[in-house]
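Here is a briefing on one structure. Read it alongside the sequence and the coordinates.

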Amino acid sequence: MTDLHVVDAGADEADEVVDVIHAAFGARPYLDPPSSALHETRAAVAATLAEHGGLLARVGGRPAGALLFQPNGTELWLRRVGVDPRLQHRGVASSLVGCAEEVAAERGYDTVSLTARVELPATQQFWLRRGYLEASRSGPKIVYSKAIPVELDVPTADDTRDLGARLGAVLAAGDVVLLTGELGAGKTTLTQGVGQGLQVRGPVTSPTFVIARLHPSLVDGPPLVHVDAYRLGSADELDDLDLEMSLDDAVTVVEWGEGRAESLSVDRLDVVIRRHRGGDHDDSDGRHVKVTPVGPRWLGSSLGTSLRTALG
Ligand SMILES: Nc1ncnc2c1ncn2[C@@H]1O[C@H](COP(=O)(O)OP(=O)(O)OP(=O)(O)O)[C@@H](O)[C@H]1O
Ligand SMILES: [Mg+2]
């Protein structure tokens with residue numbers, strides 16, 4: 001299709017980035033107050049790019065879209081996200097944002113945030129479609145935020161348990177965790193760690209023959225409900241287990257939950273465990289874990305920071 005490339009932008013790309021900003025923001029309808037982007041100077045953009053970086057998208061070699069990075073604590077803010085109106089509908093904005101989220105993950109940020117104007121519903125839809133949530137609103141500005149997935153290498157079973165324990169330490173009553181991974185990936189091992197972190201009565205074992213098991217807290221915290229959804233056909237059957245009753249009061253961890261248990265809560269953590277496959281090596285060593293936060297619960301939670309310090 002289109003010859004679309006997204007590159008890291010530094011001070012050298014400032015001219016192209018400023019051109020895109022002026023083209024993109026100049027084409028918007030009149031806003032009151034107007035965006036200061038229209039007065040963005042080359043010098044200011046070059047300084048921002050030199051300090052924090054940004055992204056530039058080119059279509060057929062022409063500058064087509066751009067954004068600037070602005071770190072703030074554990075959040076990476078995107079500023080001046082814009083596409084040249086002559087080069088719209090080529091996936092430029094989507095590619096930029098996808099790349100920005102990868103940069104955020106690589107640099108260890110927990111959240112990507114930006115502001116959008118209330119007068120521009122199409123822009124709002126764009127961010128909502130990409131999983132951004134309205135974090136706050138003030139005057140004509142809406143802040144959209146998205147919690148960034150956390151990816152970790154987990155070399156041994158003990159590390160899987162350790163990661164689970166750190167996860168358990170940040171989980172609260174009402175939280176739902178869906179574990180996905182092939183047979184023997186380490187789902188139960190991770191849940192054992194969650195049980196340790198929550199300080200519930202063990203042992204946490206594979207619940208294969210019971211579908212769901214309740215582990216009461218030893219410290220007046222939430223109990224752990226450990227579910228094996230492998231044999232469940234649908235979310236309806238999960239509902240029949242009467243899990244809803246305890247959901248608000250318990251931490252619910254569901255093995256094989258993907259495609260079955262999403263409806264349990266608008267807030268959840270999707271955890272995918274994969275084996276490392278190192279060439280001819282056996283497939284038993286090491287795992288890769290990706291934790292994707294879903295829902296407003298995780299905005300501003302610093303989940304990534306908590307989990308990463310875990311294994312450091
Ligand atoms: N990070 C890791 N590196 C190497 N081995 C691991 C790791 N994590 C777990 N294991 C090992 O993988 C094996 C299977 O773990 P576990 O029973 O937790 O998997 P599971 O995903 O629950 O399996 P099932 O699909 O049968 O429910 C165990 O022997 C466990 O010690
Ligand atoms: Mg298991």
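Where is the place of Arg-80? Arg-80 is in strand S4. This is a predicted model, in which local features need pLDDT of at least 70, side-chain atom pairs count only at pLDDT 80 or more, and totals for chains, interfaces and linings use all residues. Residues are numbered from 1 along each chain as its sequence is written, chains are lettered from A and ligands numbered from 1 in the order in which they are written, and side-chain values use heavy atoms, with hydrogens and water left out.

**Overall make-up**

- The protein has 9 helices and 14 strands. These are DSSP runs, numbered from the N terminus: helices are H or I with at least four residues, strands are E with at least two.
- The C-alpha trace spans about 65 × 50 × 35 Å along its principal axes.
- Of the 312 residues, 45% count as buried. Buried means under 20% relative accessible area, exposed means over 50%, and partly exposed lies in between, with a 1.4 Å probe and protein chains only.
- Take contacts between residues at least 6 apart in sequence: 67% of them join residues at least 24 apart. A contact means heavy atoms within 4.5 Å.

**Magnesium site**

- Thr-188 (OG1) and Glu-255 (OE) coordinate the magnesium ion (ligand 2), at 2.1 to 2.3 Å.
- The pair links distant parts of the chain: Thr-188 sits in helix H6 (residues 187-198) and Glu-255 in strand S12 (residues 251-255), 67 residues apart.
- Donors are N, O and S atoms within 2.8 Å of the metal (3.2 Å for Na, K and Ca); water is not among the atoms, so sites may look incomplete.
- Thr-188 and Glu-255 are both buried.

**The sheet**

- An open sheet of 7 strands runs in the order S1-S2-S3-S4-S5-S7-S6, with mixed pairing. Two strands pair if DSSP finds at least two bridges between them.
- Its edge strands are S1 (4-9) and S6 (133-138), and each pairs on one side only.
- From one strand to the next, the twist averages 25 degrees. Axes are lines fitted to C-alpha atoms, for helices over the stretch in contact, and angles run from 0 to 180 degrees between N-to-C directions.
- S2 (residues 54-59) and S3 (residues 62-72) run antiparallel, joined by 6 bridges. Leu-56 has Ala-66 in S3 as its bridge partner.
- S6 and S7 (residues 141-147) also run antiparallel, with 5 bridges. Here Glu-134 stands opposite Tyr-144 in S7.
- The hairpin of S6 and S7 has 2 residues between the strands, and Gly-139 takes a positive phi near 60 degrees in this hairpin.
- Helix H2 (residues 42-52) lies across S1, S2, S3 and strand S4 (75-83), at about 60 degrees to S3.

**Aromatic cluster**

- Rings of Phe, Tyr and Trp (its six-membered ring) pair if their centres lie within 6.5 Å; planes under 30 degrees apart count as stacked, over 60 as edge-to-face and the rest as tilted.
- The count by this rule is 3 aromatic pairs.
- Phe-126 and Trp-127 are edge-to-face, at 4.9 Å centre to centre and 85 degrees between the planes.
- Trp-127 and Tyr-132 are edge-to-face too, because their planes stand at 75 degrees, with centres 5.1 Å apart.
- Phe-126, Trp-127 and Tyr-132 form one aromatic cluster.
- Phe-126 is buried at 12% relative accessibility, and Trp-127 at 3%. Tyr-132 is buried as well.

**Backbone exceptions**

- Most residues other than glycine have a negative phi, and most peptide bonds are trans.
- Arg-80 has a positive phi of about 55 degrees although it is not a glycine. Its 15% relative accessibility makes Arg-80 buried.
- His-89 has a positive phi near 65 degrees. His-89 lies in the loop between S4 and helix H3 (92-106). At 80% relative accessibility, His-89 is exposed.
- Asp-32 and Pro-33 are joined by a cis peptide bond, with omega about 0 degrees. Pro-33 is in the loop between helix H1 (14-26) and H2.
- Gly-202 and Pro-203 are joined by a cis peptide bond, with omega about -5 degrees. Pro-203 is in the loop between H6 and strand S10 (212-215).
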